[in-house]
Amino acid sequence: MIYVLGGRGRLGQAIAAAYAPNEVTLPERSVYEAWWPPGAEQDVRRFFASAPSGSIVLVAAGVLDPVLSESEHQRVNVDLPLRVIDGACSAGLRVVTVGTVMERLASHSNRYVAAKVKLAQAVAQRAASGLPVVHAQVHTLYGGGAPSPHMFLGQMLAALKSGQSFEMSPGQQLREYHHVDDDVAAMRTLFATPLTGVLALSHGEPCTLRDLASYVFEELGAMHLLRLGARPEPPDDNFATVLPRPAFLSHVEFRPALPGVALYMKNLLTNAIIAHD
């Protein structure tokens, strides 16, 4: 059984859709939202006490917006998954938490990334002590719903919808964009392995934000809206590091990012994709 905490999010929904109904369980948020204070691991253990042998708990719940308070990021992105790990592992289950590759690529740190770094360090310590726990660092996801407004794709979408100029840096930053269904395949592959510790779900073929934006605006006939170089290049982003594809993902097929994102944006503009709540 796969238990998904955070079943209303992009990845949680896609994971749930990939499994038969009798293979996946999505507890309501009201079940787990209070599992963050010290001592809550006992509640977690009781909840999973009757889980089938070999079950996995995927902690996809979290907050992404870096403008939220540090305490909110600590509570949801660090304390909650750690209580789940301690409680579920004591009940004999394996736990997979979700982070971001920016934990290892960004020299600067916003509240979201800083919280995920703390979680990754704690997961690594627990894995080293023998607990069956994995922290999966994911790249930027698209597909399965509209992008968050504060994300790069969300900002591009807003400009395309409104017909206003899209101002960005020269765009030399490197990024991997993954369709959420491809990362579901990567997760399923990870679930089938005995791996523990901190892992990046990379395909090893990043693009620059410049190439991505240029491709999307060109495909949508909106190059006149794109203003490359209108904003300064961030000094401490990732401009050179390419994360290699791990061996356990060697057989997972990832669709090419540029045409994949362009089709996704086109579908959003024609209302073929319903926005996430």
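A disulfide is counted here when two cysteine sulfur atoms lie within 2.5 Å of each other, and by this rule the count for this structure comes to zero disulfides.

The model is predicted, and local features need a pLDDT of at least 70, side-chain atom pairs count only at pLDDT 80 or more, and totals for chains, interfaces and linings use all residues. Residues are numbered from 1 along each chain as its sequence is written, and side-chain values use heavy atoms, with hydrogens and water left out.

Helices (H or I, at least four residues) and strands (E, at least two) are DSSP runs numbered from the N terminus, and two strands pair if DSSP finds at least two bridges between them. Six strands, in the order β2-β1-β3-β4-β5-β10, form an open sheet with parallel pairing. Because β2 (24–25) and β10 (197–200) stand at the edges with a single partner strand each, one side of each is left without a neighbour in the sheet. The partner pair β5 (residues 133–138) and β10 run parallel and are joined by four bridges, and Q137 stands opposite A200 in β10.

Helix α1 (residues 10–18) touches β1 (2–5), β2, β3 (56–59) and β4 (94–100), and its direction makes about 160° with that of β1. Helix α6 (residues 111–128) touches β4, β5 and β10, with its direction at about 150° to that of β5.

Within strand β4 lies V95, which counts as buried because its relative accessibility is 0%. Not counting residues up to four places away in sequence, V95 touches several residues, including V57, V59, C89 and V133.

Helix α4 (residues 70–90) has 21 residues, so at 1.5 Å a residue it should span 30 Å, and its end C-alpha atoms, 29 Å apart, agree with this; the expected span is 1.5 Å times one less than the number of residues. α4 bends by about 30° at D79, and a proline, P81, follows within four residues, the bend being the angle between axes fitted to the seven residues ending there and the seven starting there. After α4 comes G92, whose phi is positive, near 90°.

How values were computed
Contact means heavy atoms within 4.5 Å. Axes are lines fitted to C-alpha atoms, for helices over the stretch in contact, and angles run from 0 to 180 degrees between N-to-C directions. Buried means under 20% relative accessible area, exposed over 50%, partly exposed in between (1.4 Å probe, protein chains only).
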